[in-house]
Structure formats: C-alpha cells, structure tokens
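The account below is an explanation in running paragraphs.

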Amino acid sequence: MIHLLPLRVRWCLWLVSTPSDCESIFGDLEEEYLERSRSGDPAAGAWLRRQGQRSTGPLLRCCYERGEFHLLFALVACGYLFPLRLLDLVWTFVLSQVPLKAAAARGWTELAVAVTCSATLGAVSGWLLRAGYGRDARRRAAWLAMTVLPVAPLLVRVSPGAWPPWTSVLLTLSASAALFACVCVGEQNKPSGRPLSC
Amino acid sequence: MLTVLKWVGVSVAGLLGLAVAVLLIAGMRPKARMLTVTTDVRLPPDQVWNWLTDPGKVKSWVGWMQEARNRVGSDGQLGAEQVWVMQDRNNSNRKMEIVAKVTESRRPRFFRATLTAPGGFTGVNDYQLDPLPSGGTRVTMTSTYNFDQWFARLLEPLITRSAHKKALEDIARLKQVAERTAATTPVSVTEQARSVPAK
C-alpha cells in the first residue's frame, strides 16, 4: 500500500530514517492504513499521504540529533573540500612561480587532474560508507552527494577567474558518480547490504 | 572502520610519496629548468631586435607586464638594465619586479640577459635572431631558471611546463604584434630609398 504515497514522500522518508526505522515506519503506516480501509474510512489514502508528509520533519530532526549531518559535513570538508582546495592552492603556487608570470585560468590538464581527484575522493568516500554503514551506505551516499552539491560551486568561487563556473557541475558529477558506483558495487556483492525497496 | 581509515591514511601517504618521487625524478631530467621557444617573424633582424629590447615594445607582447623601463643604458647594449614590473593575478595581484641585465650583446643577432626577481627566481634568457632567406627572422628564446624556494624547486617540472606554455603565448604575440605594426606603419622615404637595391 506504500505505493499510495507520492514518490517524493517515500524518497524523503527513506532519506531521513535508518534502514531498520524505515522498515518499521512503513510497516506501521501500512498496518494503520489497512485497518482504516477495512473499517470503510474513505479518507484512508489521504490519511496515509498526510502521515507520510508529516513524519519527514521529526525524522529529519532525529537525523540531526543522531549527529548524521555533523559527520557528513566533516567528511565533505575534510575528505573533499580540503583536498581539492589544497590542489587548487598548489596550482596557484605553480602559476605564481612561473617566470614572467602565467595566466590564472586553469587549463585542461589542471581540470582533468581536479576531476580525477574529485572522482577518487568520491570513490574513497563510497568505499568508507560501504565499509562503515553496510546497508545504510546508499542513504548516507545520497546525503553526501547532496552536501557536495553546494560545496563544489563554493570551491570554484574561492578561486575567482581560475575555474569556469561549469567546472563545479563537472566536479560534483564526477564525485557523486564515483561515490554511488562504489556504494552500489559493494551492495551487489553483499546480499545483506540490499537497500529497502521503499 | 578504523582499519579502513588506517588503509586510507596509508594510501594517501603512499600517493603523496609517489608524487614527490615522480617530481624529484622529473626534476633530474637533462633539460630541467630550461625552455626553448621559436618563431619566424616576417621582419628583418634589426627590427625584431627593437621589439626585444625597447621597453615600450616589450610590454606589448609579454603577458601580465604592467611596466617596463630602462634603468641603465638602452637598446640591448652590453650592461644595459631593464626593470619589468609584473602583476601577479595568482598572488592577490601583487607586483613583482624583475631586473633584466644584458650580459652579452651582438646586435642584431644575439643577446643574453640575466633575470633576477628577489625571493622568486634567477634566470638567463638567450635571444637568438637568425635571418631567413625570405627576409624574415627566426627568433629563438632559450631560458634557464633557478628557483629560490624549495617547494618551487620541487614543483619545477610543473612550473617549467606552465612557463613554456606562457613563453609560447608570448612569442606568438610578439610575431602577431610586430608583423601587424609593420604592416600598418607607413614606410618612410628614407627606408624606401634604403630598400631600393643600388644599380
């Protein structure tokens, strides 16, 4: 009956609850919905949708209280933003040392190295999530990808003129793709790591 | 999780070590710290010489140069000194002064200038001007640099690569600006008379 919930609500519920919580939340909702349907409540479907939407906020607060976001931001800052910024500072240093000076704008080689580093960092993060969280890795990867989304433009903005704006999209995509690839490959090899079909 | 983190740490340290080793090995290549660029300009060596030694003209083809002035002597004569002020957009637009001193001069074929930028680098620039049968000039610039900072010395392969790219851009600009100016400047009567072969 869970399919009665709009996809975005299902996705939000999956995103803000741990796998075990997700199972029980959907189980409870389904049970309650069936009871209401059997008793002839015509608004059972509307109740299910409303309950689903209302649960997202408190569950999000639970996520925050569990410290999930702190860890995410720490991981993104230390494992993604810091290494890429360091790499950018190295390029800046290299270019500032060029006798008779060189252009501030990064060339294709620098971009290729940055994208490779971004993808590698994404893959390492995916590997860490898989090893550390098992069946919860995919959900955490989704959060991580969403956190990287505003971080990559920030990275491009701190070196004005050095990177074209579309670079942030490329960096985000490469990191996110590598992250999900690593998490999903791990899940295929581990039967217990299958995500919930919420 | 700790084991994984330990392996991540080991991998990062290994990659950094590998990068340093590659840079050190690349820094020992035969033509390290050296770059050569060449272009053919459709102007006689005498005119190209002016483009290489006149501060106003140098400023028009060397990128990021804010100011160029003669300090001692002029026209690429032996012992002449020029000050080049560069604006470093990679370093909060800080200005950097480079002193170029001519240590060897054989007008209009060759001159050598030593470059000094305190706290940055020292270098030697050789400018070779070979006349071409077509009446043009082959300009060859060979530069060798030494860096003051240890980190810059470590990153020398990357710096030289970027410097080579910059030198290629500059010399292409020299060709473009010099040829365009020659094409638009009317030839004076005296020069016309000179160019007419004696009968």
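The model is a predicted one, and the values given here are computed from it. The size of an interface is often given as the accessible area lost when the parts come together. For chain B and chain A, this buried area is about 2,400 Å², with 74% of it on carbon and sulfur atoms. On the chain B side 30 residues are in contact, and they meet 23 residues of chain A.

Charged and polar pairs across this interface can be listed briefly. One salt bridge is counted between chain B and chain A. In a salt bridge between the chains, the side chain of K101(A) meets that of D88(B), with an N to O distance of 3.4 Å. Residue pairs in polar contact between chain B and chain A number four, counting pairs in which both residues have pLDDT 80 or more. The side of chain B that touches chain A draws two or more residues from each of α1 (2-26), β3 (81-88), β4 (94-106), β7 (137-147), α4 (150-154) and α5 (156-184) of chain B. Of these elements, α5(B) supplies the largest share, seven residues. Sorted by class, this side of chain B consists of 19 nonpolar, six polar and five charged residues.

Rolling a probe the size of a water molecule over the atoms shows where empty space is left. Five cavities of 30 Å³ or more are present in the structure. The largest cavity holds about 160 Å³ and has 17 lining residues, with L100(A), N125(B), M141(B), Y145(B) and A167(B) nearest its centre. Two or more lining residues come from each of α3 (55-61), β6 (121-131), β7 and α5 of chain B. Here too α5(B) gives the largest share, which is four residues. The lining of the largest cavity comprises 13 nonpolar, two polar and two charged residues.

The second largest cavity has a volume of about 130 Å³. Its lining contains 16 residues, and those closest to the centre are L52(B), T53(B), Q82(B), V102(B) and F111(B). The elements of chain B that contribute two or more residues to this lining are α2 (45-53), β2 (65-72), β3, β4 and β5 (110-117). The greatest contribution, three residues, is made by β3(B). By class, the lining of the second largest cavity has nine nonpolar, five polar and two charged residues.

Attention now turns to open space. Of the 47 residues in its lining, P83(A), C117(A), V12(B), L15(B) and L16(B) lie nearest the centre. Both chains take part in this lining: α4 (68-97) and α5 (108-133) of chain A, and α1, α4 and α5 of chain B, each give two or more residues. The pocket lining divides into 38 nonpolar, six polar and three charged residues.

Leaving aside residues up to four places away in sequence, Q87(B) touches W64(B), Q66(B), N93(B) and R94(B). With Q66(B), the side chain of Q87(B) makes a polar contact, side chain to side chain, at 3.5 Å. Between the C-alpha atoms of Q87(B) and V41(B), 46 residues apart along the chain, the separation is 28 Å.

How values were computed
Residues numbered from 1 in each chain as written. Chains lettered and ligands numbered in written order. Predicted model: local features only at pLDDT ≥ 70, side-chain atom pairs only at ≥ 80, totals over all residues. Heavy atoms only, no water. Contact = heavy atoms within 4.5 Å. Buried area = accessible area lost by both parts, 1.4 Å probe. Salt bridge = Lys/Arg side-chain N within 4 Å of Asp/Glu carboxyl O. Polar contact = N/O pair within 3.5 Å; in protein donor to acceptor, adjacent residues only side chain to side chain. Nonpolar A, V, L, I, M, F, W, Y, C, P; charged D, E, K, R; others polar. 1 Å grid on protein atoms, 1.4 Å probe; cavity = no way out; pocket = protein on both sides within 12 Å on 5 of 7 lines; lining within 4 Å. Points joined across faces, edges and corners; volume = space filled by probe spheres on them.
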